[in-house]
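Please consider the structure shown below together with its sequence.

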Amino acid sequence: MKDRKKKRISPWVAVLTGVAGLVVGGGVLFAVMWSSLGGPGMTLVQAYQIISHRFVGDYDPQESLEATLGAMVDSLGDRWSYYLTPEEARQVKEARQNSYVGIGITVSRDSTDGLHIQSVTRGGPADEAGIQAGEIICAVDGVAVTQENREDSIARIKGEEGSVLTLEVQGSDGARRSVEVTRKTVHGISAQWHMMDNGIGRINIYNFYSGTAEQVRTGVEELMEQGARALVFDVRNNPGGYVTELTAMLDFLLPEGRIFVSQEYNGKETVYTSDASCVSLPMAVLVNGESYSAAEFFAAQLRESVDAVVAGTKTSGKGYSQMLFSLQDGSAIGLSTARYFTGSGVSLIGTGLDPDPSVELTEAAKEKLLLGQLPESEDLQLQAAVKALHLEG
């Protein structure tokens, strides 16, 4: 629970209070401010002014502000719009660059007993120190990780480049060890690829943020040079990302035609197209319920344009794109500002993408997949996709 601070007027509240005072001052200025803020905006100003001047108890103005903004976004009834505190906004912006100062791990926020490591960036500090996906961080610099201090523990793992931290790590056998890790700039790997034994190239795409399209292009070209006879793209558990990365990827892979349509809040429609240059190989895409936004759209457009096989389970059904608006105190609002459609005008809103073949994984296999530890021989969705490609040999 956060410490309660004595009542004080935050800079944001002070600005609102000043605006309210000016509004009360005269008819012309009142009309100008009213037309700018509108009735609901003025009500918000009034409420903050009353609380800041009349409330008898102690409260934290920043906490009150964050709760208000969060509730305002929640009231839209849009599951894809969201509010981020200043720290959350900083982390999101950093992650979307696919480059940050840290140790190169992704941890689960759902567990209660330590920080469960979901993935380790190859070549990053944690990887070099021998830390593996599936292990648990029990303490950071001597401070035990508890359910109450989980977010603080995650924040303490970050720091200045070149600084050292000590982690207490529990292995899969239950044994604990102390590991020293030196923080450095980690360039996130958003795509990886390799040639499978059957001559099919597999490309895992982990997000659609900065630099991903170029990584995927490099991977596809390398696999083609190695003689790949088909390509399988894996976008399972992919959160999506930028339209620019998505359309660049589709343009590289697909023949001439419409590949993406965006309809903005003001009615403006933008149509994205692909040129005639393309990759002429059979393709398949692996998806699941955690394939969001650009990830499920990627699969939908490949199926629509070149009849790519889509295997796995039904996707999330997201058909809105969001813009991240930064606020004065460093917080941000991610707001749905446009609807998007496939080149032929199909929306995935509320329906998602139905794979064919549809194949479910066991819970154990899903956990292994999330940790990057599912052998290809045990991956039923991958095997179904390969079979559906109908390749000889």
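In this predicted model, helix α7 passes helix α8 in a right-handed crossing. In general, a pair of packed helices is described by two quantities, the angle between the axes and the distance between them. For α7, which spans residues 212-225, and α8, which spans residues 243-253, the angle is about 25 degrees and the axes lie 8 Å apart. Angles under 35 degrees count as roughly parallel, and α7 and α8 are therefore roughly parallel to each other. On the side of α7, the contact is made by Thr212, Ala213, Val216, Arg217, Val220 and Glu221. On the side of α8, Glu245, Ala248, Met249, Phe252 and Leu253 take part.

In soluble globular proteins, nonpolar side chains tend to be buried together. The largest nonpolar core of this model contains 37 residues, and Phe233, Leu253, Phe298 and Leu302 have the most contacts inside it. At least two residues of this core come from each of the helices α7, α8 and α9 (294-306) and from each of the strands β11 (200-205), β12 (230-234), β13 (257-264) and β15 (283-287). The element that gives the most is α9, with seven residues. Apart from neighbours within four places in sequence, Leu302 is in contact with Phe233, Leu250, Leu253, Leu254, Met283, Val285, Asp307 and Ala308.

When residues up to four places away in sequence are not counted, Thr313 touches Val287, Asn288, Gly289, Leu353, Pro355, Val359, Glu360 and Gln381.

Arg229 is found in another loop, the one between α7 and β12. With a relative accessible area of 29%, Arg229 is partly exposed, because this class covers values between the limits of 20% and 50%. Arg229 and Pro282 are 53 residues apart along the chain, and a separation of 7.4 Å lies between their C-alpha atoms.

Definitions and conventions. Residues are numbered from 1 along each chain as its sequence is written. This is a predicted model: local features need pLDDT of at least 70, side-chain atom pairs count only at pLDDT 80 or more; totals for chains, interfaces and linings use all residues. Side-chain values use heavy atoms; hydrogens and water are left out. Axes are lines fitted to C-alpha atoms, for helices over the stretch in contact, and angles run from 0 to 180 degrees between N-to-C directions. Helices (H or I, at least four residues) and strands (E, at least two) are DSSP runs, numbered from the N terminus. Angles under 35 degrees count as roughly parallel, over 145 as roughly antiparallel, 65 to 115 as roughly perpendicular and the rest as oblique. A crossing is left-handed if the near helix is turned anticlockwise from the far one by less than a right angle, and right-handed if clockwise. Contact means heavy atoms within 4.5 Å. A nonpolar core is a set of buried Ala, Val, Leu, Ile, Met, Phe, Trp, Tyr and Cys residues joined through side-chain atoms within 4.5 Å. Buried means under 20% relative accessible area, exposed over 50%, partly exposed in between (1.4 Å probe, protein chains only).
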